[in-house]
Amino acid sequence: MCGIVGIISNNDVASTIYECLTILQHRGQDAAGMATCDQGKLELVKNNGLVSDVFSSEAAQKLKGKSGIGHVRYPTAGSSNFEEAQPFYVNSPFGIALAHNGNLHNAEQLKEELFVEDRRHINTQSDSEVLLNVFAHELQNASGLHITPEAIFHAVSRVHKRCQGAYANVAIIPGYGIVAFRDPNGIRPLVYGVRKSEAGDEYMVASESIALDSHNFELIDDVAPGEAIIITEDRQLITKVCATKTQLSPCVFEYVYFARPDSMIDDVSVYKARLRMGEKLAERILERWPDHDIDVVIPIPESSRVSAIPLAYHLDVKFREGFIKNRYIGRTFIMPGQEQRIQSVRRKLNAVPLEFKGKNVLLIDDSIVRGTTSQQIIQMARQAGANKVYFASAAPPVRYPNVYGIDMPISEELIAHNRTEEEICELLGADGLIYQTLEDLEAACKEGNQEIDRFDSSCFSNEYVTGVDSEYFNQVSDKRNDQAKKGNG
């Protein structure tokens, strides 16, 4: 999972991109990068670290120009490598820098094709570099001495035919403008908007609408599945769906955890979707435990808070903040390695004993993935004096890997894989455990937009939108398991 942004403006864009990347920091804490264009020349700055660490005042002085793109990285395979920070750049044709959010599950095949047939060398292990070279090769084949919208749309259509998986991309071509496109299933989010000005309209493309909102850009629309958006340097906006077969299949985990609650994704309010998750979970609890003895509902900060409020209301019990979060510790889910995640939990959260002592507590989290964080939090609740500790998940059991850009590990590292709810409850050390159903989760999200064809819920259902062969899962296992990350770190 990563965050991307692209801007064409009337003024230098580096400071605005910096602020947008800070707003999107929750989508990736591993690395950050930015490419800007000034008088046909690209400047590129990227490195490991948070946005505030990467862009020093010295780096900012290099980043001149009225158009640019930015990226925050969250690694989905292997360790955190500087070489895989984005944007990536190729000098042919025309010079292209690209930032990518998602994951290709046929990257190894494409890498071989690029070398054998296209004569292109891939220098990293990143599928993003592969995607950029596919786009660059197809644009070179479709173009003459000058770029045309038709050539770009043809190149994007070829990307759709060759690349399998999830991708939302923004690219900058010096002297021409910005190109953004989304995979034919619309798995990863991408929106675009305009800011009206007497000096000329300004445009932004970003992973989440909150980036647009914060800089007074008016949301035009989501980039549709298979669609390409061209914004030329003279501010022409040209769009075209470049895939022959499309369906809107957004990743349901965006609504569960990744996206900010104040964002709109595919015309669905993330905030309202999470409210509905809490309501539906309350209904399920009342069905299963009509005579429950819950005294208080306590959310695990931050992403479960919105669901916890209506949950407490419908159960007719108190809602309390029982954990105080250290806001200077990153999101543990997206840390590359189990050891880092474990060490961070107690540094990140501290219990308020007053809210636990002598009470039967229902803790709610957005999801349970590996289970180690949940185990520690339940222990903290007991140590703070809780009488009973129940645990609720706003998402169904995570039983299968995610292959579309979220670092959900191999099946064997998922606590719910091949286990019943009773077995999971015992492992967690809870007095009771309840999960959201997949049907209720998808209904909570789809209520905001009935035009959604389906969701990518593969980590819950084992049904992959693009179809994935077993060989790829073996590759994922080798790259994503925590032992591999520890060895490569």
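Me: A crossing is right-handed if the near helix is turned clockwise from the far one by less than a right angle, and left-handed if anticlockwise. Which hand does α9 show as it passes α14?
Reply: Right-handed. Helices here are DSSP runs of H or I with at least four residues, strands are E runs of at least two, and both are numbered from the N terminus. Do keep in mind that this is a predicted model, where local features need pLDDT of at least 70 and side-chain atom pairs count only at pLDDT 80 or more, while totals for chains, interfaces and linings use all residues. Residues are numbered from 1 along each chain as its sequence is written, and side-chain values use heavy atoms, without hydrogens or water.

Me: At what angle do the axes of α9 and α14 cross?
Reply: Roughly 145°, with the axes of α9 (residues 270-288) and α14 (residues 438-446) coming within 8 Å. Axes are lines fitted to C-alpha atoms, for helices over the stretch in contact, and angles run from 0 to 180 degrees between N-to-C directions.

Me: And which residues meet there?
Reply: Ala273, Arg276, Met277 and Lys280 of α9 meet Asp440, Leu441, Ala443, Ala444 and Cys445 of α14; contact means heavy atoms within 4.5 Å.

Me: Switching to the sheet: what's the strand order?
Reply: β3-β2-β4-β1-β10-β9-β11, an open sheet of seven strands with antiparallel pairing. Two strands pair if DSSP finds at least two bridges between them.

Me: Which strands sit at the edges?
Reply: β3 (41-48) and β11 (218-222), each pairing on one side only.

Me: How many bridges join β2 and β3?
Reply: Eight, in the antiparallel sense, and Ala31 stands opposite Asn48 in β3.
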